[in-house]
Amino acid sequence: MTLALVLPLAACASGTSPMQLYPLQGPIADDDPTLVIQATAKNTTGTSGDLSFRLPEAGRCTGTWSSLTPRTVSHTKGMSLTFKKTGGEVGREIETVAGVNNGEIYAVCADGTRVQGTFVIGSGTASGTGQASDTNGNVYKLLF
């Protein structure tokens, strides 16, 4: 009975991946060019999720990441009359299409600073690269 309760909870668990923002230009890069801003992207097994990080002087930032990852979905149903598969057959299969996909991030910080960026990500992976900028004139390299 415990196993029956644990399995649905495990299926609901979502992946979390680290993301780094490297200041390239602007006040943050001028102040400390070695600074690496650590971000956390949630639900990285899906196509969008929550994003959180802290910017110097701007405080905590929260937002969303989203990737345009095409997937194919096929449904199976019918009746089988073979000795191995007697009875009906019902199923659903989701498959990620291979390729490089585009994505975006958007976040708002505690002081009102807005961060927006774009990235590319490989299908079926939780890694990518891109660029972001904020409303204070900072430009970041985005790696995850």
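## Ser67 and its surroundings

Ser67 touches Thr47, Asn101, Asn102, Gly103, Phe119 and Ile121, residues up to four places away in sequence not being counted, where contact means heavy atoms within 4.5 Å. The model is a predicted one, in which local features need pLDDT of at least 70 and side-chain atom pairs count only at pLDDT 80 or more, while totals for chains, interfaces and linings use all residues. Residues are numbered from 1 along each chain as its sequence is written, and side-chain values use heavy atoms, with hydrogens and water left out.

Ser67 lies in strand 4 (residues 59-67), strands being DSSP runs of E with at least two residues, numbered from the N terminus. With a relative accessible area of 7%, Ser67 is buried (buried means under 20%, exposed over 50% and partly exposed in between, with a 1.4 Å probe and protein chains only).

## Thr118 in strand 8

Thr118 belongs to strand 8 (residues 114-122) and, at 47% relative accessibility, counts as partly exposed. Apart from neighbours within four places in sequence, Thr118 is in contact with Gly103, Glu104, Gly130, Gln131 and Leu142.

Between Thr118 and Ser133 the C-alpha to C-alpha distance is 9.5 Å, with the two residues 15 residues apart in sequence.

## Glu57 in its loop

Glu57 sits in the loop between strand 3 (48-55) and strand 4, the strand in which Ser67 is found. Whereas Ser67 is buried, Glu57 counts as exposed, at 81% relative accessibility.

Definitions and conventions:
Helices (H or I, at least four residues) and strands (E, at least two) are DSSP runs, numbered from the N terminus.
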